[in-house]
Amino acid sequence: TPPARAASFDLRKELERFALLIAWALLIFVFAITLPDTFFTWRTFSTLFGSQAVLVVLALAVMVPLIAFDFDLSCSSVLVVTSMCIAVLNVRMDLDIGIAILAALALGAAAGAVNAFFILYFRIHSLIITLGLGTFLNGMTLWMSNANTVSGVDMALVEAVVITRFLGIPLAFYYGIVVALALWYFLAYTVAGRKLVFVGRGREVARLNGVKVDAVRAAALIASGVLSALAGVLYAGMSGSANPSSGLSLLLPAFAAVFLGATTIAPGRFNPLGTLLSVYFLITGITGLTMLGADAYVQSLFYGGALIIAVSLSQLVRKRQPQSFG
């Protein structure tokens with residue numbers, strides 16, 4: 001009967017939406033059976049949750065322009081240069097940590113604005129501009145730090161990020177949750193958020209319906225810069241220092257999480273809750289494999305393979321429609 005077919009269809013859709021959550025639960029179950037005394041402990045999960053806030057926020061920074069079909073390959077470079085900005089201003093120039101954080105956020109916004117200007121005014125592909133700016137910022141970071149790690153960041157930031165805990169989990173975890181939920185609300189329930197989604201679905205259609213497409217894309221790139229800078233603030237707070245290169249390796253995991261997130265919660269669309277879930281799914285797999293004795297290279301294998309599989313799955317969800325980033 002028709003009602004039965006409708007019920008079956010709804011069940012399939014719900015399974016599709018939450019397939020990654022189910023896979024995460026199965027992954028935890030497998031590692032819990034295999035490593036009951038080491039993996040399946042609250043200490044492991046509190047560490048797992050508390051250590052990934054930087055990646056969560058960076059992945060969300062990558063996601064925002066992707067919704068409008070713009071790539072931002074400079075996100076990890078913005079993270080590194082802003083964390084170094086905080087360290088240099090606070091440690092070497094003895095400025096208040098609050099001022100240093102504000103300067104870092106302003107630098108992130110400026111990086112996003114530079115990306116937007118060259119992409120939109122000169123009509124150059126976002127891949128080229130953001131790759132170039134990222135490389136420029138890497139050089140700027142090395143210049144600011146003399147290619148050295150700068151340590152000794154104000155303990156007030158460290159306490160606010162990683163030392164202070166709630167339910168045994170560092171506050172950094174909750175910052176990532178708040179940012180993800182705020183983005184979810186923005187995209188789902190605000191006019192500006194709906195315009196961003198509309199632009200991603202079709203720029204010309206959005207333009208013909210009166211949406212200022214370039215303004216929306218510019219805002220997304222600037223927001224990406226600010227979120228990347230926020231990830232830089234968390235990065236500085238996690239370690240109490242800034243390293244001129246270590247944060248650069250987070251770009252690939254961030255893209256893997258965003259594309260994998262597009263297969264869940266809202267299949268076929270980049271979405272913040274799916275991205276959040278994907279980060280913890282991926283890190284759970286890496287943590288479990290590491291505890292089983294896998295070598296260090298498993299992280300690169302896992303993230304690289306996850307990115308390829310995630311992009312392929314997201315295309316299957318989109319019924320293999322050609323992706324246009326023009």
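User: Which residues of α4 and α12 meet, and what makes that a contact?

Analyst: From α4 you have Ala-53, Val-54, Val-57, Leu-58, Leu-60, Ala-61, Val-64 and Pro-65. They meet Ala-220, Leu-221, Ala-223, Ser-224, Leu-227, Ser-228, Leu-230, Ala-231, Leu-234, Tyr-235 and Met-238 of α12. Contact means heavy atoms within 4.5 Å. Helices here are DSSP runs (H or I, at least four residues), numbered from the N terminus. Keep in mind that this is a predicted model, where local features need pLDDT of at least 70, side-chain atom pairs count only at pLDDT 80 or more, and totals for chains, interfaces and linings use all residues. Residues are numbered from 1 along each chain as its sequence is written, and side-chain values use heavy atoms, with hydrogens and water left out.

User: How do you know which way α4 runs relative to α12?

Analyst: The axes of α4 (residues 53–67) and α12 come within 8 Å and cross at roughly 170°. Angles run from 0 to 180 degrees between N-to-C directions, with axes fitted as lines to C-alpha atoms, for helices over the stretch in contact. Under 35 degrees counts as roughly parallel, over 145 as roughly antiparallel, 65 to 115 as roughly perpendicular and the rest as oblique. That makes α4 roughly antiparallel to α12.

User: And what about α9 and α12?

Analyst: The axes of α9 (residues 171–189) and α12 (residues 213–239) cross at roughly 170° and come within 11 Å, so these two are roughly antiparallel as well. Ala-172, Tyr-175, Val-179 and Leu-183 of α9 make the contact with Leu-227, Leu-230, Leu-234 and Met-238 of α12. By class, that's eight nonpolar, no polar and no charged residues.

User: What makes Phe-31 and Phe-39 an aromatic pair, and which kind is it?

Analyst: Rings of Phe, Tyr and Trp (its six-membered ring) pair if their centres lie within 6.5 Å; planes under 30 degrees apart are stacked, over 60 edge-to-face and the rest tilted. Phe-31 and Phe-39 sit 5.4 Å centre to centre with 50° between the planes, which makes them tilted. The structure holds 19 aromatic pairs.

User: Why is the pair of Phe-173 and Tyr-280 called edge-to-face?

Analyst: The planes of Phe-173 and Tyr-280 are 70° apart and the centres 6.0 Å apart. Phe-173 lies in α9 and Tyr-280 in α14 (residues 272–291), so the pair ties together parts that are 107 residues apart in sequence. Both residues are buried. Ring pairs also link them into a cluster with Phe-31, Phe-39, Phe-40, Phe-45, Phe-49, Phe-166 and Tyr-174.

User: What makes Ile-308 exposed?

Analyst: Its relative accessibility is 59%, so Ile-308 counts as exposed. Ile-308 belongs to α15 (residues 298–317).

User: How do you know whether the length of α6 fits a helix?

Analyst: The expected span is 1.5 Å times one less than the number of residues. For the 25 residues of α6 (residues 97–121) that should be 36 Å, and the end C-alpha atoms are 36 Å apart, so the two agree. Buried residues in α6 include Ala-104, Gly-108 and Ala-111, and what covers the buried residues includes α5, α7, α8 and α12.

Notes
Ala, Val, Leu, Ile, Met, Phe, Trp, Tyr, Cys and Pro count as nonpolar, Asp, Glu, Lys and Arg as charged, and the others, Gly among them, as polar. Buried means under 20% relative accessible area, exposed over 50%, partly exposed in between (1.4 Å probe, protein chains only).
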